[in-house]
Structures are given as structure tokens and as C-alpha cells.
Amino acid sequence: MTDALLAVPPPLLQLLAQPGVLPVVAALGGLLVGSFLNPVIHRLPRMLELEWREQCAQLATPPVNAAVDRAAPETARYDLLAPRSHCPACRTPIRVLHLVPLLGWLLLRGRCAACGTRIARRYPLVELATAVVFALVALRFGPTFECLAAKAASGFLIALAVIDHDTHYLPDQLTLPLLWLGLALSLAGDVRSAVLGAILGYLALWVVYQAFKLVTGKEGMGHGDFKLLAALGAWLGPAALLPIVLAASVAGAVTGLVMIFFFGRAREQPLAFGPYLAAAGWLTMLAGDALPGGLLLQDAATLPDGLLLPPLDGP
């Protein structure tokens, strides 16, 4: 994989090349991305639930005439941008200063400024985790195109892992863009490996799902897990699939046993597999000198001329 640098102004390029600068910049960017991931994690499942409820209501009730339909009050907008971030208890909008990643939560001491209701630690933890992940990615890949790609994948994986932990659901709105982005980036590297990784990734868990259902009559996992592994296959290639599945399975099994024997978790209670797939995929992406399939950006020379610059120490 060619260590090519993005076409950025030379002074900024030299600054990012200084030891320790890039990870710090990446961590600050991770805080900002993490602050956006929080509403994605919180709102996207609720947006989908509202959409499903509307669809069910349309199927369950007879159609109303146009006059009644026009007279019906419009529902309040609810998406990733509206309404404004607010306290869930008193509905008071959060001030801009208090929206600053991590710092806002510390200034508020973890409580709403208006009503004093405790703010979940989830929000600063997601921001901090994203910052750490971005810094590690920067250390691994340096100021390269691969670094930006790995950060994008990391953001998707963090959101998917937390959403699946909370809801046992991996939204198509995240898994499919992650899959297509991996395939699109493979145009700069190994398209065949990306396509094969996506196909085998989906089929691997689909076969396990069908076999488990045939033997037990139960569904052992959701279809979102198939799509997530397919996306990881598109990013990392088919050679990465076995390490990812093995690591995720072992980690999930150990976690399940610990929860059962030490925390009283019911044996019948399902355990989300997505967080373990996401973590195993991210670790595989960072592990070793030569990733299995890499980020499928093996030769920067295949990119359009002028998009990338040679390394600082190159000819």
C-alpha cells in the first residue's frame, strides 16, 4: 500500500508530519464526530420506529378522504437535525457552549442547567471513545488517504456497535452506506477482493443463520449482522473474514458467560453480536504491517493525477 499524502498546502503538510501533531488533530476531530454520532445513536432508531408506526397505521386503518387528511395536524419534525438538542426531562434547549464535546458535559457537571436532571455518561463516553479511536487510526496510517478512509469506517462502526447494543438492531441506513463506501474505495485498489469479501461476508453468516434455524427452529442472529460482515469484507477483503468472525465469536461467548455466571443474566436473553463484529473488524483493520486486504487502496497511483502527493521523503 503506497503511503501517499493528501494534496494539502505544504506548510500544513509539514505540520501534520511533526511527531504527535496528527494524533492530536485527529483526536480533536474525533470529539467533533463523536458529538454528531450521539444524536445518530439516539435518534436514528426512534426515527425508524416512528416510520414503522406510520406504515402500520396506514395499513391498519381505512383511507381517509382528502378533506380530513388536509385538516389533520402535522406531526412535529423529528430527524438528525431537528428538534434542537434539549434536555429529555424538561425539554429546555441546550446552550451552544454546553454542546462543546466533552467540555460541555464537564461544565454542567453531568446535569441539566435548567432542571438539574442527570445527563447520561453515554454522551461524553462516545465522544471520548471516538477521539481515542481517531487518534489510534492516525498513529497507524499517518497523514494518508487511508487514514481518512479508516476514520470514516470507524465512525460507522462506533454508531452501529452502540445502536445494536441498545436495540439489537443494525440499521440499513448505516450498514449499506458502509458497504457501498468500501466498494467505492476499492476502485483505487483491489475491486475483485472487495466484491469477493462482501459476498463471502454476507454468505458466511447467512449459512450459519440458516443452519442454526434448521437445527433449533430459532433465529440465532439478525440480518443486519450479515450486512455488517459484508461491509467489513468490502473494506478488508475475504482474508479478514475468518479472523473477524472468530474474534467476535470468542469475545461474545466470553462476555455472555461472564454476564450469566457473575451478573445473573438469563440464558435465554439474546446478546447483540454487532458490537463484537464491529470491534473485531476495527482491530483487524489496524493490526499488523500488512492488513488482510488492507483498506483496498493498495496503489495510490491508480487514483486521478494530482489527488495525492508523494511522501515527504520520496523523490
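**Exercise 1.** Find the residue with which K213 forms a salt bridge, and state how far apart the closest N and O atoms are.

*Solution.* A salt bridge here requires a side-chain nitrogen of Lys or Arg within 4 Å of a carboxyl oxygen of Asp or Glu. K213 has such a bridge with E219, and their closest N and O atoms lie 4.0 Å apart. As for accessibility, a residue is buried under 20% relative accessible area, exposed over 50%, and partly exposed in between, using a 1.4 Å probe and protein chains only. K213 is partly exposed at 36%, whereas E219, at 56%, is exposed.

The model is a predicted one, in which local features need pLDDT of at least 70 and side-chain atom pairs count only at pLDDT 80 or more, while totals for chains, interfaces and linings use all residues. Residues are numbered from 1 along each chain as its sequence is written, and side-chain values use heavy atoms, with hydrogens and water left out.

**Exercise 2.** Describe the salt bridge between R53 and E49, and work out where the two residues sit in helix α2.

*Solution.* The closest N and O atoms of R53 and E49 are 3.0 Å apart. Helices are DSSP runs of H or I with at least four residues, numbered from the N terminus. Helix α2 covers residues 21-60, and because R53 and E49 are four residues apart in this helix, about one helical turn separates them. R53 is exposed, with 54% relative accessible area, while E49 is partly exposed at 35%.

**Exercise 3.** Identify the salt-bridge partner of D79, then give the number of salt bridges found by the rule.

*Solution.* The side chain of D79 meets that of R77 at 2.6 Å, N to O, and R77 is exposed at 53% relative accessibility.
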